[in-house]
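Hi everyone, thanks for coming. Please take a look at the sequence and the structure on the screen, and then I'll walk you through some helices and salt bridges.

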Amino acid sequence: MARTAIVTRSQPSASAVAPAKRVRGHVQNEVFERLRRGLMVGAFMPGQVMSLRKLATGFGTSPMPIREALTRLVVVNALEETANGSVCVPRLTPEKLAELFAVRELLEGAAGEAACRRCTPELIATLTGINDELLDAIAKRNVLACLSSNQRFHFTLYEASASEVLLPLIESLWLQFGPTMYLSLLSPDMPWDASAHLEILEGLRTAKPAIARRGVINDIRTTGRSLAAQMASHASIGMLSTRLDELYFGS
């Protein structure tokens, strides 16, 4: 009987084990989603080494969920492993960036058009509010707030398309080019003015999908031209990476 009692005490019940598993899974998924969003927003710089120690400190977690999230992001080509075993943000060539933006025009233009066909007054109000935040960030020259608001505007629009095909493809593109977005805001005149967003909103308000698509494409092309100029400039070489405590990882 004594041996039976010992065995019974050493085996926790299923209800006792399940919460711990859920907590671990929650932390791992949260870390992955925050890093994924950070890459899409442009909070990490091209070439930036993803330090396990710094990320773990910034996230308030152990290195294990950070390591697992980085591995998942390497698998989807959002990050790359170097020869010495570290993980860093890829540097895009001008040719690959041009190709990514050409595909963006096709996919995101289609998503903007589809969203217009399903548009509601609530969607217009939400997008207008986000764009107002973007305009305020531009006026204050708050680069990270610009990047965050811009990403939220686009994905709120694309999610309204309700396309199960387009959204994963668009997310994959943003994971690849997102880190270069920081460079688009480095020129002295801060070229972002969100004018293309106003064109998108006009298309939604007037129920004209072609105008919404044109606004999306114009926005992509404006950003692409700015990025191409910055990548060709020596001024963007050797820039300091963004400080971890400045990164935006909103939901």
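Let's start with α8, whose buried residues are L166, L167, I170, L173, W174, L175 and F177. Buried here means under 20% relative accessible area, exposed means over 50%, and partly exposed is in between, using a 1.4 Å probe and protein chains only. Helices are DSSP runs of H or I with at least four residues, numbered from the N terminus.

A word on the source: this is a predicted model, where local features need pLDDT of at least 70 and side-chain atom pairs count only at pLDDT 80 or more, while totals for chains, interfaces and linings use all residues. Residues are numbered from 1 along each chain as its sequence is written, and side-chain values use heavy atoms, leaving out hydrogens and water.

Now, how many salt bridges are there? With a side-chain nitrogen of Lys or Arg within 4 Å of a carboxyl oxygen of Asp or Glu as the rule, the count comes to 10.

One of them joins E33 and R36, at 2.7 Å from N to O. These two are three residues apart in helix α2 (residues 14-41), about one helical turn. E33 is partly exposed at 37%, while R36 is buried at 15%. E33, R36 and E171 are also linked in a salt-bridge network.

Next, R221 and E105 meet at 3.0 Å, N to O. R221 lies in helix α10 (residues 209-232) and E105 in helix α5 (residues 94-117), so the pair ties together parts 116 residues apart in sequence.
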